[in-house]
Amino acid sequence: PTTVLALQHYETFIARMKGFPIRIACVSRFNSPKQTFDAIEKTKSGQVDILIGTHRILSKDIAFHDLGLIIIDEEQRFGVKAKEHLKTLKANADCLTLSATPIPRTLYLSLVHAKEMSVISTPPQDRLPIKTIIAETEPELIQNALLRERARGGQAFFIHNRVETIYHRADIVQKLIPSLRIGVVHGQMDSEAIDAIFHRFKQGELDLLFATTIIENGVDIPNANTILIDRADTYGMADLYQLRGRVGRWNRAAYAYFLIPKDRVLPEPSRKRLNALVESSGYGGGMKIAMRDLEIRGAGDILGIQQSGQVSAIGFHLYCKLLKRATLALKNKTTVSFNETKMEFSFDARIPEEYIAEVSLRMEIYYRLGEASALSEVDEIWTELTDRFGTPPLPLLWLYHLARIRVVASQHHYTSLQFQQLSFIAEQQKGKEISRKTILLPKKVQSPKELEAYVIERLQA
């Protein structure tokens, strides 16, 4: 998504692929028109194996000789139209998207199994969690943070997201520590100037990089382990998380200072954002933030271009359940049923405490049985229970067979089943019409298996 990140990937790929017969090209605004033209022509003819670039790759003049794999880095920075266009370049190309803070739509596509998701929650060896500090803007604090980083031979970032005042802010910090070697980068600079300063910082010739959020996405400088973010209260949650991720990429303790205005009461949304980031400062924080974002904003359109949506009308849990059913029905090519069958009975159907002692585990089994929408799902849970916990007692046997009855009743649009001693009342909905009928139970029905066989036969009839 950014020229700096594209350049960094290009350099990394060149270093990694050294010694292999793999041809790599890059397109971004850092290139001259001639370099870009050559890269595009070679890509068309198949003389380039890996093409790295910014949104420039989405242009109509770029065609691939034989596209097999698309990798989208920092996926949250791309719009739906951009991502869908990449997929249309070749229908059977594999697509890998990478993100530390996935947008609600992408995260939910993974949660309902429309996309496969792999979560990397194990940190690299020797990596330490980033220490996050919310502090008022004090010259002494800035001075101490930067001097401590320099004393251990490290480098630092200072994020000031206003181009018109960034040089003035850099001068103030320079006066605090005159010996500090400072470089400034922002998006309005000439590409060659950005390239030069970025390389100097990467080579260790600068102690402090003053920047806008141009460095937010994927910039990897292992020696930079202190970041100060000016006016942190004005940033979004994902922005702050990504900026904080620019440090702590080595085996040293890293520090992220969220600087807020002195003697000023912050609005409640800003306070919540900052506190959420402090709470998620451990490993896997990006997933927690993304899940919270999904709950707040909704999952968006699976087949449209909305990246977030409003789920408050029906509730997040019900929305998830309905979408999961619709997705499974499309996959299995079956008719989708949104019916919820309510059951009332006096049978001793439960999971006994002596069979599964842990409360949370019992609740999980109840939940899974309640969510099951096919007989095969109920049978899978049953097989798992007998395998893990041994021979099931009679109350659990009743629960299993009643769960199977509920699944069949739901598939046949029954909204309610009320079991009495010698009969049961079934309510069925077809369109807007609701029919109600009482069915007698034969006296021979003594076991849960016999009950299931008889009731399902009558429901299907």
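Two strands pair if DSSP finds at least two bridges between them; strands (E, at least two residues) and helices (H or I, at least four) are DSSP runs, numbered from the N terminus. The model is predicted, with local features needing pLDDT of at least 70 and side-chain atom pairs counting only at pLDDT 80 or more, while totals for chains, interfaces and linings use all residues. Residues are numbered from 1 along each chain as its sequence is written, and side-chain values use heavy atoms, leaving out hydrogens and water.

**Sheet**
- L417 stands opposite A426 in β13.
- Five bridges join β12 (residues 414-419) to β13 (residues 423-430) in the antiparallel sense.
- Both strands belong to an open four-stranded sheet of mixed pairing, in the order β11-β12-β13-β14.
- β11 (342-344) and β14 (433-440) are the edge strands, each pairing on one side only.

**Helix pair**
- Helix α14 (residues 394-411) and helix α15 (residues 448-460) have axes that come within 9 Å and cross at roughly 10°; axes are lines fitted to C-alpha atoms, for helices over the stretch in contact, and angles run from 0 to 180 degrees between N-to-C directions.
- The two helices, α14 and α15, are therefore roughly parallel to each other (angles under 35 degrees).
- Their contact (heavy atoms within 4.5 Å) includes W398 and R404 of α14 and P448 and E452 of α15.

**Helix on sheet**
- α14 lies across β11 and β12, at about 145° to β12.

How values were computed
Parallel < 35°, antiparallel > 145°, perpendicular 65-115°, else oblique.
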